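Subject: Handing over the structure

Hello,

I am passing this structure on to you, with some notes on what turned up in it. Please open it first and keep it beside you as you read.

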Amino acid sequence: MTLGGLLSGPPSIVAAGVGVFSDALRAQGTDVHDVDWRPPGFGDPADLAALALDPRRNSANRVAVERILAAGSQLVDVRPAREVIGLQDRTLLHSGPPLTWETASGPMRGALIGACLFEGWADDVEDAERILAAGEITLDPCHHHRTVGPMAGVTSPSMWMWCLSDPVHGGQAFCNLNEGLGKVLRMGAFNAEVQTRLAWMRDVLGPILSEAVRGSIDAGNDPLDVKAVLAQMLQMGDEGHNRNRAGSLMTLRELSPAIVATKAASSDIAAVLKFIGGNEHFFLNLGMPTAKLAMDAARGVPGSSMVTVMSRNGTEFGIQTAGTGDRWFTGPANTPVGLFLGDYGPEDANPDIGDSAIMETYGVGGFSMAAAPAIVRFVGGTVPDALATTERMYQVTLAENPAMAIPIMGFRGSPTGIDVLKVARTGWLPQINTGMAGRIAGTGQVGAGLVQPPQECFEQALAALAEEARIP
């Protein structure tokens with residue numbers, strides 16, 4: 001039939017969905033062909049019904065979202081972890097949900113070994129492995145200390161931390177300093193090059209940044225508004241997770257006058273400025289605690305089905321929700337699919353790792369890929385894929401964040417507030433773009449790509465939220 005004759009005969013109708021539509025058409029004498037199709041959702045129907053009918057859910061989610069959107073982020077200090085979060089000797093923080101040395105993946109083990117060497121707790125790699133295997137080093141998730149860390153996320157007492165504050169809710173969040181690219185601790189590398197850089201960051205970079213940040217504030221200047229930098233990044237082609245070029249340069253611009261004004265040696269000041277200027281991911285470690293501040297503001301809202309944490313430790317993926325507090329819902333971490341560096345391939349990649357999925361939890365990163373179409377050249381896919389991903393994430397979130405506007409979407413706010421119920425109903429899992437660490441300890445980064453959480457994390461969260469809804 002030609003297009004012109006499309007309406008010349010009786011219509012043929014195919015219906016999928018609610019039967020009342022087919023019944024109404026048949027009552028009018030229309031021929032209807034029903035297709036037995038249902039959305040690819042998941043979860044126990046009784047749990048879905050219990051959560052959907054929870055009378056607290058809509059108002060609780062509204063409160064949680066309002067807290068996220070209102071949260072601010074200011075850079076107020078730079079201090080060692082032992083001072084700012086009370087990190088004790090022989091204690092290491094790591095990314096993701098809780099783990100043990102026995103369950104740690106290759107890159108996580110590499111980072112833990114490297115941190116033991118850096119702190120002087122071990123004389124060599126074998127000694128570090130021995131004390132870790134013997135349980136002489138306490139391991140605890142970063143998230144348990146209002147802290148986030150990219151990739152392995154390993155943080156030790158001597159490492160300097162960005163200290164961010166939320167002027168609206170009064171929260172605090174912390175993150176160590178970004179090492180740059182190449183052989184780095186967060187990717188599981190621990191060789192002499194890594195140790196030399198970490199020592200320089202401890203002895204030079206950290207103290208200079210500390211003097212610059214506090215000196216500027218003491219001089220009467222306003223703290224750096226990190227949330228505003230993140231918002232501006234989205235206007236300049238960054239998405240805030242794997243692309244931070246604009247954000248890093250804006251941060252360098254804002255901090256440079258105070259860095260130059262420190263009492264440090266001119267050679268050290270020059271080295272610090274060169275390091276920041278050559279580190280495209282320098283801002284990531286400021287963006288992550290900014291997202292952490294916002295998501296922590298939404299914690300402890302009974303009845304809310306909104307996700308507050310997505311995080312991975314290289315073995316397991318874990319999520320938390322506003323309605324269930326600090327409880328983890330975990331499943332085996334998936335391996336990202338994407339592009340590889342040099343001669344590396346899929347067999348070299350470790351499963352998903354890092355606290356940096358807090359960016360997607362906040363609504364940027366993979367959720368805002370439409371703002372940074374150039375990111376597909378780093379993580380794989382196409383520009384239409386990036387646009388389609390952002391469109392799809394609007395379907396599993398509760399709101400749009402007007403502060404994080406996406407130009408190509410008509411300055412629509414980023415999709416914010418992942419809803420466990422919407423994820424279960426649609427079957428669409430959150431999209432994350434991420435770096436890939438080598439599965440063998442000491443390898444470092446092998447590529448970057450795209451990944452999603454395991455479905456069972458959301459199945460567990462759905463069951464727990466439904467159980468809460470059933471309590472009288």
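A word on names before anything else: helices (H or I, at least four residues) and strands (E, at least two) are DSSP runs, numbered from the N terminus. This is a predicted model, in which local features need pLDDT of at least 70 and side-chain atom pairs count only at pLDDT 80 or more, while totals for chains, interfaces and linings use all residues. Residues are numbered from 1 along each chain as its sequence is written, and side-chain values use heavy atoms, with hydrogens and water left out.

Arginine 90 sits in the loop between helix H4 (81-84) and E4, and has a positive phi of about 60° although it is not a glycine. Most residues other than glycine have a negative phi. Arginine 90 counts as partly exposed, at 29% relative accessibility (buried means under 20% relative accessible area, exposed over 50%, partly exposed in between, with a 1.4 Å probe and protein chains only). Methionine 151, in the loop between E5 and E6, also is not a glycine and has a positive phi, of about 50°. Methionine 151 counts as buried, at 4% relative accessibility.

Strand E4 (residues 91-94) is covered on both faces: Thr91 and Leu93 on one side, and Leu92 and His94 on the other, are all buried. E4 pairs with strand E5 (residues 138-141) in the parallel sense, over 4 bridges; two strands pair if DSSP finds at least two bridges between them. Opposite leucine 93 stands aspartate 140 in E5.

Next, the open sheet. Its 4 strands come in the order E7-E6-E3-E8, with antiparallel pairing. Strand E7 (172-176) and strand E8 (224-225) stand at the edges with a single partner strand each, so one side of each has no neighbour in the sheet. Strand E3 (residues 74-80) is joined to E8 by 2 bridges, and leucine 75 has leucine 224 as its bridge partner in E8. Helix H7 (residues 192-218) lies across E3 and E6, at about 145° to E3, and H11 lies across E3, E6 and E7, at about 155° to E7. For these angles, axes are lines fitted to C-alpha atoms, for helices over the stretch in contact (heavy atoms within 4.5 Å), and angles run from 0 to 180 degrees between N-to-C directions.

Now the rings. There are 2 aromatic pairs in the structure. In one of them, tryptophan 162 and phenylalanine 282 have ring centres 5.6 Å apart and planes at 85°, so the pair is edge-to-face. (Rings of Phe, Tyr and Trp, for Trp its six-membered ring, pair if their centres lie within 6.5 Å; planes under 30 degrees apart count as stacked, over 60 as edge-to-face and the rest as tilted.) Tryptophan 162 is in strand E6 (residues 160-165) and phenylalanine 282 in the loop between helix H10 (266-277) and helix H11 (284-297), so the pair ties together parts 120 residues apart in sequence. Both tryptophan 162 and phenylalanine 282 are buried.

Finally, threonine 308 lies in strand E9 (residues 307-313) and counts as buried, at 1% relative accessibility. Leaving out residues up to four places away in sequence, threonine 308 touches several residues, including Met295, Gln320 and Ile358.

Enjoy looking around!

Best wishes
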